[in-house]
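Welcome! Here is a short tour of one protein model, meant for someone meeting it for the first time. Have a look at the sequence and the structure, and then read on.

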Amino acid sequence: MKYSPWKFEETFVIDFLVEAKYGFRRHLLFLIFFFFLLYSARFWHWYSGIYQYYVLFFVYVILIAMVYINIYVLVPRFFFKTKYVTYLVLLVLMGVVGLNFIGYGFKTFFEEFRVKNILRENEKGGIYEGVLMCIPIIMTTTTIKLLQKWISDNKRINELSNLTLNMELNELRNQINPHFLFNMLNNVKALIRTDPAKASVVIVKLSEFLRYQLYENSEEKTLLTSEIDFLSNFLNLEKIRRDNFSFDIQVNIDHRIISSTFIPPNLFTTFVENAVKHSVDLSGRESCVKIEINIDNRLLYFRCVNSRSAGYLPADKRSSGLGLANITRRLELLYNDTFDLKIESDDTEYSVNLKIPV
């Protein structure tokens with residue numbers, strides 16, 4: 001199963017709507033916009049002198065209070081908890097109470113400052129205008145609150161997905177490394193009995209492997225040239241341990257490119273390890289491993305071919321497929337569907353062809 005997390009694209013607009021650091025500017029922009037929207041209405045022109053602005057401020061404060069009650073009380077406590085009917089009832093009730101309170105304030109505090117020649121029809125039209133203005137503003141704030149929650153939830157889901165991805169990658173890498181070292185220690189064990197001098201050489205080389213594991217493998221990326229050197233050392237160790245074994249590594253890449261190309265560490269180790277394991281020839285004939293690495297059009301091509309004896313089966317059947325399964329899963333997590341892996345085998349040859357973007 002391939003894992004393809006949806007990559008959430010952050011923009012300044014999204015950050016401005018969600019991030020806490022923009023909270024003051026976000027509210028200030030809304031308050032200014034709402035004021036100029038209310039300023040364009042006609043109702044406050046019904047009153048004379050400076051009382052026009054008192055009326056405008058009075059209505060502005062009431063409507064803003066309704067908006068913020070909707071944002072911080074009704075939406076989180078009812079709408080987000082799927083109590084939609086309750087939310088709608090309370091929203092309508094708040095609108096009725098708010099508009100009636102505005103009407104009460106007009107009659108109680110500002111009636112004597114009305115311009116007498118303003119017709120009642122105009123007053124009704126102005127109130128109707130205020131209702132039409134209030135409803136879209138409140139519904140818009142509800143929509144913005146929903147958008148903020150949706151963005152925050154998706155950010156959290158994306159962060160959790162990335163955390164899970166990194167945890168799985170680390171787990172796979174931690175499984176591959178002991179699996180490789182386990183095989184190397186088995187080789188040393190066999191050599192101690194048959195050829196202690198060679199075993200000493202292998203132990204020295206093994207210390208170099210451990211140094212690579214400690215300083216290189218802990219990084220997210222390593223130089224391609226370091227990975228090739230690692231594979232060369234590994235195959236040289238196998239050549240010391242085994243008679244009638246040869247290997248060839250062909251790197252058809254410009255030196256400047258190979259010295260500036262980074263790949264995940266130990267990406268090819270499992271393939272080469274399997275090639276060595278399956279290249280054993282029961283008849284004692286020459287066995288070999290051939291590796292070709294090339295880069296073309298920002299794609300890296302890795303090919304590993306080993307000779308094969310038809311009747312040979314690895315001694316450790318139980319764990320022989322662990323490394324290959326792990327590296328396949330690791331490729332899926334690292335490259336999603338941008339890599340191509342083909343494994344072919346017959347009675348005399350086993351080949352791996354891998355293509356990854358670099």
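Angles under 35 degrees count as roughly parallel, over 145 as roughly antiparallel, 65 to 115 as roughly perpendicular and the rest as oblique. Axes are lines fitted to C-alpha atoms, for helices over the stretch in contact, and angles run from 0 to 180 degrees between N-to-C directions. Helices (H or I, at least four residues) and strands (E, at least two) are DSSP runs, numbered from the N terminus.

This is a predicted model, where local features need pLDDT of at least 70 and side-chain atom pairs count only at pLDDT 80 or more, while totals for chains, interfaces and linings use all residues. Residues are numbered from 1 along each chain as its sequence is written, and side-chain values use heavy atoms, with hydrogens and water left out.

| Pair | Angle | Axes apart |
|---|---|---|
| Helix 2 (residues 23-39) and helix 3 (residues 51-79) | about 135 degrees | 11 Å |
| Helix 3 and helix 4 (residues 84-109) | about 165 degrees | 10 Å |

With its angle of about 135 degrees, helix 2 is oblique to helix 3. Helix 3 and helix 4 are therefore roughly antiparallel to each other.

Helix 2 passes helix 3 in a right-handed crossing, and the crossing of helix 3 and helix 4 is right-handed. (A crossing is right-handed if the near helix is turned clockwise from the far one by less than a right angle, and left-handed if anticlockwise.)

Which residues meet where helix 2 packs on helix 3? Among them are Phe-30, Phe-34 and Leu-38 in helix 2, and Val-59, Leu-63 and Tyr-68 in helix 3. The residues of this contact (heavy atoms within 4.5 Å) divide into 14 nonpolar, one polar and no charged. Here Ala, Val, Leu, Ile, Met, Phe, Trp, Tyr, Cys and Pro count as nonpolar, Asp, Glu, Lys and Arg as charged, and the others, Gly among them, as polar.

Ile-71 sits in helix 3 and counts as buried at 11% relative accessibility. (Buried means under 20% relative accessible area, exposed over 50%, partly exposed in between, with a 1.4 Å probe and protein chains only.) Its C-alpha atom is 6.7 Å from that of Thr-141, 70 residues apart along the chain.

Thr-261 lies in the loop between helix 8 (255-258) and strand 3 (262-263). Thr-261 is buried as well, with a relative accessible area of 8%. The side chain of Thr-261 reaches the backbone oxygen of Ile-257 at 2.6 Å.

Notes: Polar contact = N/O pair within 3.5 Å; in protein donor to acceptor, adjacent residues only side chain to side chain.
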